[in-house]
Amino acid sequence: MLRSGTSIGANIAEANGGISQADFRAKISIAYKEALETKYWLSLLKDTDYIEEKAFDSIHQDADEIAKILFSIIKKTEKADN
């Protein structure tokens, strides 16, 4: 989870330095997929009682919001190309 969670921010930083719109969107897409992976690992940690429900709810909600924002960016940059 540490790897996928920190990869979100790293890919967003790379996207900001993208050399083209396509490069930007590709990095944001990777960040989005990493957010989804992080949500999976959080669910697994909760289901195996490594984290409590309250902690899960808070962190998962944050990860879900980040994923939604990234997905919105992907869709908006796709529309800009059309």
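Is D64 buried, exposed or partly exposed? Hold that thought, everyone. This is a predicted model, where local features need pLDDT of at least 70, side-chain atom pairs count only at pLDDT 80 or more, and totals for chains, interfaces and linings use all residues. Residues are numbered from 1 along each chain as its sequence is written, and side-chain values use heavy atoms, leaving out hydrogens and water.

Now the answer: D64 counts as partly exposed, because its relative accessibility is 21%. Buried means under 20% relative accessible area, exposed over 50%, and partly exposed in between, with a 1.4 Å probe and protein chains only.

D64 lies in helix α3. Helices here are DSSP runs of H or I, at least four residues, numbered from the N terminus. Along α3, the buried residues are F56, H60, A63, A67, L70, I74 and T77. They pack against α1 (2-16) and α2 (21-47).

Next, salt bridges: a side-chain nitrogen of Lys or Arg within 4 Å of a carboxyl oxygen of Asp or Glu. The structure holds 5 of them. One joins D64 to K39, at 2.6 Å from N to O. K39 sits in helix α2, so this pair ties together parts that are 25 residues apart in sequence. K39 itself counts as buried, because its relative accessibility is 16%.

D64 has another partner, K68, with the closest N and O atoms 3.4 Å apart. Both lie in α3, 4 residues apart, about one turn of the helix. Put together, K39, D64 and K68 are linked in a network of salt bridges.

Conventions. Helix = DSSP H or I, 4+ residues; strand = E, 2+ residues; numbered from the N terminus. Contact = heavy atoms within 4.5 Å.
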